[in-house]
Structure formats: C-alpha cells, structure tokens
Amino acid sequence: MKRVGVLLLLLVGALNTWPAQRSNSSIADVQNIFVIFQENWSFDSLYGHFPGANGIEKADDAVRQVNKDGRRYTTLPQPLDTRNRPPSLDSRFPANLPVAPFDLSKFVKPDEQTGDLVQRFYQQQFQFNNTKMDKFIAWSDGAGLAMGYYDATNFPEGKLAQEFTLADNFFHSAFGSSFLNHMWLVCACTPIWPNAPPELIAKVGRDDALVDGAVTTDGFAVNTAYPFYKPYPLASSDAARRLPPQKQLTIGDRLNERNIAWRWYAGGYDNAMAGKADTSFQYHHQPFVYFERYADGSANKAEFLKDEIFFYEDLKTGKLPSVSFIKPLSPNSPMQGQQRVTELVDTIRQSSYWSKSAIFILYGENGGRWDHVAPPKIDRWGPGARVPAIIVSPFAKKGYIDHTLYDTTSVLAFIERRWNLRPIATRDALVNNFTAAFEFGR
C-alpha cells in the first residue's frame, strides 16, 4: 500500500503538471537561485527505491561485491563503527547479511547515527573498479556498511522530490572527498599545491597499491586540506601544512563581473571565525575561504562570506542576493539533515522570493556509500559517484524524474546561462545545465 500511495502521488503530479501560465516562462524569469549543499549519501543509498528512478532493482552485477583480490564475498562483512578509533564491529548489525544492499532502518533508525565512511580520491576510484562498481566494501573503512541504504522516498526531502523534480543521473564532479567537491562547486577546478610537504603526497603503485595522501605527485590537492585563511582548526596552525591561497576564477568572480549579487551562507561560520567552532562545523566545506580574493581582512570576505543567520535576516528584510549558496552545519543524523533542509525550503516558499526562485538541493559526494551506476569518464578528476539532486521551483516540472546527465558543475552552468556569464573552466562550459528540469516555454 505504501508503494501504491507513492505511485498515486506521482500520477497526480503528472496529471497536474505545469500550469498553463508557466508555458511562456523562460530562465530569465528566475530571479533568485538557491544552492543547498549537503553531503555523504549516494543516490541508491537514499532513493534507490524511488518509483520510476534508476534504482537498486536495476543494479544487476554491480550488487556482487568482491574483495581486493577479485573474489566474491560469501556474506556481507559486519559493518564497522568508524566513530570508534580504531573502528570496531557495530553490534547493531548482524554478521551474516547477504551480499546485497540492505535496509539500514532495520538496525539504525534514520534519526540515529552510523559511522562515516572513507570518501577519498584514490579509494573511490578503486571502489568503482573501472565501471564494475563492485569494490565498495573492499576499499571501505566501514566494511559492509557501504552497502546500507534508507528508503528516503517519504522522508522530508523525498516528498519534495515527489512534488517537484528528482534528477537520477547526477554525479559529483570529482572523485572522492567533500573538500574537493566543494571546490568544484565554486571553481570547477582542483586546487594547486606546488611543493607540498612530502608526507602529504600520495603514491599509487601497481595493483592499486596506495600510500595515501592529500596531494598528487604533480601538485594537486585532492583530499582534505585546510585553508591558509581563517577559519581553520587550531591544530592546523602550521601555515606550511595549509593549502596555499588559490588564484583560479570562481563563480563569484563571474557574478561580480556583471554586478550580480551573491553570497555564501554557512552555518556556524561566525563562531568558527572567532575560534569557537561548533563541533559540527566543517572547515574544509568553506570553499571560497581557500581563494586569495577572500583573504582575511579583505572587503570581499566581509561582503560575500556570511553566517547562515544572515540568510534569514536578508530574506526577512528583502535583501537576499540573486545567488545564495547555503551550507548548513553537518547534521547529527540523516533525518535531522532532511528536516533542516525542508525547513529552509519551506521558509523560501513562504516568502515573497518564491514565485521567481529556483532551489537546487544537492549532495557534495556519496559518503563512501555504494551506488550501482558507473559514472561517465570525462577527465582525470571525475566525475565521481551518483548522488541525489532535487530541483524545487514554481518553474520546475512537477512529479518528474529527470534522467539527463549532470554533475556538480551543472549548477554553475545554470547560473551562467541565466545571466549570460562566461564559463569558468572546461567542465562547466560543456556540461548539461539543468534546464531540462524546468518547464521553460521560451
């Protein structure tokens, strides 16, 4: 009955799709773009059972996971709790689950926590095993936990996906980490770190032999590195071990060229700047801080990088910029994160901005969790795994699943298309730009 109810919801949405008055709308009618950036879930691990989507039922051979030597597991290795150091067996899970995706809710409620899983540049590529998608367990630090999922169809964000558009072919732009994909969100680029400390440089040998590190041998930062400018952890006071200021172009530069207002709003930002960061604040999720144009004490930093509390003030006073990037504090559970985002969306929908808005609910990366769809091969950086993307807007198609190929830079391409901005880099110049998710008649 639950599945029938969801199907009826989608059918009703399809029958009431896109009111006639929207048939003459265009992308120029979008006056405010909101980008809400989450993290740590693959598409299959949340929406693998979403009706009509390319989900777990279509996984075929990708379900059959193998170890590093290529031998199939006979049972799912018992998940580990990576919150412990070193990780230990998580007694909430049995030791003999079959080798297949399994419903996490049978063991851990969605308002509770599991451990985090490794999400790094080289490990993710090894998990993909070219296009087989069959070494997620082998290269995870959480063992069988990598195969867990929640059916989020009727979670708060899932209900938004039912009402509006869910993209089921969206990939995070770069292999691996939250750090790297936050950078790609704003610059479509991988940070440069020439002459990094030798102990931070990764080395990859034959047969996936790996000496892990944050920096490639040719000087690109691909795993977590902390910024040169504030805020950064007190433990990273050695400037030589922080990523040098970056000089690449960002979407902020392109918007500034056309005098189009924008801001990055981050939960807990002011406390972090004051050296009193919330335990949920992630320093490496603040991409603009890494760039020279946002140096400590600069006018740009004061103007464009704000605490999330200012988002609500700007909304209330009618001073929101044309483009708002919103980075909430990391949630304590999947359900808390979903509720937090839908409250934010509801606030926008109840405001005067809603009638001309486009809201993109995106995920930075897959959090080390399995997905069955192999990403396309575009360049040395990615894309990485498939992750959810939900488009909420009066102009969005209703009850719609968008199968168009997208990656993180697609939102940059949408912004660029809306205001006729020059692309920042190669990827955003060529990627599909999300307009297929909207009912633009002209």
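The structure is a predicted model, in which local features need pLDDT of at least 70 and side-chain atom pairs count only at pLDDT 80 or more, whereas totals for chains, interfaces and linings use all residues. Residues are numbered from 1 along each chain as its sequence is written, and side-chain values use heavy atoms, with hydrogens and water left out. Helices (H or I, at least four residues) and strands (E, at least two) are DSSP runs, numbered from the N terminus.

Strand β10 (residues 262-266) is joined to strand β12 (residues 323-327) by five bridges, and the two run parallel. Strands are taken to pair if DSSP finds at least two bridges between them. β10 also pairs with β11 in the parallel sense, over three bridges; here Tyr-265 stands opposite Lys-306 of β11. In general, strands of a sheet pair through backbone hydrogen bonds, either parallel or antiparallel.

Axes are lines fitted to C-alpha atoms, for helices over the stretch in contact, and angles run from 0 to 180 degrees between N-to-C directions. Within the sheet, β6 (residues 165-167) and β14 (residues 389-392) run antiparallel and are joined by three bridges. Ala-167 has Ala-389 in β14 as its bridge partner.

A helix pair was also examined. The axes of α4 (residues 156-163) and α10 (residues 334-349) come within 7 Å and cross at roughly 50 degrees. The two helices are therefore oblique to each other; angles under 35 degrees count as roughly parallel, over 145 as roughly antiparallel, 65 to 115 as roughly perpendicular and the rest as oblique. Residues in the contact (heavy atoms within 4.5 Å) include Pro-156 and Leu-160 of α4 and Met-335 and Val-345 of α10. In α10, the buried residues include Met-335, Val-341 and Ile-348.

The peptide bond from Arg-85 to Pro-86 is cis, with omega near 0 degrees, and Pro-86 is found in the loop between β2 (80-81) and β3 (88-89). Gly-382 and Pro-383 are likewise joined by a cis peptide bond, with omega about 10 degrees; Pro-383 is found in the loop between β13 (357-363) and β14. Ala-143, in the loop between α3 (121-128) and β5 (148-149), has a positive phi near 55 degrees and counts as buried at 13% relative accessibility. Phe-434 has a positive phi of about 75 degrees although it is not a glycine. Phe-434 is placed in the segment after α12 (426-430) and counts as buried at 0% relative accessibility.

Methods: Buried means under 20% relative accessible area, exposed over 50%, partly exposed in between (1.4 Å probe, protein chains only).
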